[in-house]
Amino acid sequence: MTSEADRRPSAAPQMLRMINTVFIVQAVHVAAALGLADHLADGARDVDDLAKETGADADTLYRMLRLLGDAGVFQQEAERRFSLTPLGATLGSEGPESVRDWALFVGAPAMWEVWGRLHDTVMTGEAAFPQVHGMDLWEYLAQHPETGNPFDRWMSRQSEQHNAAVLASYDFSPFGTLADIGGGQGSTMAAMLQAHPSLRGVLFDLPHVVANPIPLQEAGLSDRCEVVAGDMLNGVPQGADVYLLKRALMDTGDANAVRVLRACAGAMTEGGRVLVVEMVLPSDRTPSAGTTFDLIMLLNHSGGRVRTETEFRELFSAAGLRLVRTIPTSSPNIILEGIRA
Ligand SMILES: C[S@@+](CC[C@H](N)C(=O)[O-])C[C@H]1O[C@@H](n2cnc3c(N)ncnc32)[C@H](O)[C@@H]1O
């Protein structure tokens with residue numbers, strides 16, 4: 001007689017598939033690093049051709065493309081000849097759907113080493129990044145442009161993918177000046193200034209990030225935005241009406257998050273607002289993309305975490321702010337609006 005357990009389909013193949021995605025991630029990273037999607041943008045090409053252009057070993061490249069073909073990233077049109085699928089096209093360096101920079105960052109050896117230290121982090125509660133690299137992620141990115149540039153570009157691209165959702169969910173028209181703290185290279189700022197022609201901006205981030213605020217320059221908006229290099233832990237520019245902290249608190253521990261929120265609360269004009277825009281973990285235990293990002297924060301930043309609304313309410317309160325509204329957007333970000341308590 002077969003028992004209930006015997007009749008149940010085995011879960012092992014599903015688990016094996018999950019484990020084996022590790023190889024796909026590295027193959028996608030290498031495909032991104034070699035710019036294969038750009039090389040295939042005009043149509044199918046022979047592997048030998050691609051190998052010549054990228055400097056790769058032809059047979060190895062073929063075997064990697066065959067794997068990525070099975071995963072739906074490329075299409076094998078004929079023996080050793082591949083074209084791009086819509087999925088693979090997202091590894092192109094341009095276009096609104098591009099995720100190439102995230103693939104470059106996630107699979108970079110420096111980051112891969114950190115992901116491989118989750119066991120240590122789970123045992124100690126300590127972020128792995130500083131243990132592996134002897135410095136925090138921001139310092140590392142400043143010193144290693146080969147990892148820092150894809151990270152900064154991805155911040156801009158990801159923001160482009162989320163900006164319309166933030167703009168549609170919150171009315172920025174009452175404000176004269178917007179300060180974007182930890183604002184990256186200005187992608188969000190550019191979208192805000194474009195949508196609100198009377199708004200002026202202050203873009204604030206670390207010196208190596210704002211040295212070249214490409215999205216602002218490309219949008220021709222540099223004259224409406226002051227670009228300030230600095231460390232938000234040492235204070236923020238004074239006198240803006242609204243302080244935006246978009247995905248800038250999840251990388252920090254509670255004490256530093258309160259410090260930054262308090263600095264914004266103290267710097268804003270009478271009646272001003274602090275807007276924290278990032279993922280918020282649902283309190284009802286529904287699955288959320290936030291749990292993945294929480295782990296990324298845990299590994300990479302001391303004290304970094306994706307928080308619940310209750311946790312944010314406490315941070316706001318400790319910083320002399322009152323959380324007055326929590327506004328969902330059609331992106332993974334939620335807007336938390338604070339006023340002086
Ligand atoms: C996750 S990124 C978010 C960037 C941007 N707000 C966005 O939504 O795309 C965090 C940003 O905070 C900046 N940052 C980190 N620590 C900082 C500090 N102490 N002072 C100023 N900026 C900082 C980083 O350089 C980075 O651009």
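## A covered helix and its surroundings

Let's start with helix H13 (residues 187-195), which is mostly covered, with 7 of its 9 residues buried. Buried here means under 20% relative accessible area, with exposed over 50% and partly exposed in between (1.4 Å probe, protein chains only). Helices (H or I, at least four residues) and strands (E, at least two) are DSSP runs, numbered from the N terminus.

This is a predicted model, where local features need pLDDT of at least 70, side-chain atom pairs count only at pLDDT 80 or more, and totals for chains, interfaces and linings use all residues. Residues are numbered from 1 along each chain as its sequence is written, and side-chain values use heavy atoms, leaving out hydrogens and water.

Back to H13: its buried residues are Ser187, Thr188, Met189, Ala190, Ala191, Met192 and Leu193. Their cover includes helices H12 (145-169) and H15 (214-218), along with strands S4 (177-181), S5 (200-205), S6 (225-229) and S7 (242-246).

Now for the chain as a whole. It has 18 helices and 12 strands, and buried residues make up 47% of its 341 residues. A compact globule with 341 residues would have a radius of gyration near 20 Å, and the chain agrees with that at 22 Å. That radius is taken over C-alpha atoms, and the globule rule is 2.2 Å times the number of residues to the power 0.38. Of the contacts (heavy atoms within 4.5 Å) with a separation of 6 or more, 63% join residues 24 or more positions apart. The C-alpha atoms fill a box of roughly 70 × 60 × 40 Å along the principal axes.

On to strand pairing, which takes at least two DSSP bridges between two strands. An open sheet of 3 strands runs in the order S1-S3-S2, with antiparallel pairing. Strands S1 (45-46) and S2 (74-78) are at the edges with a single partner strand each, so one side of each is left without a neighbour in the sheet.
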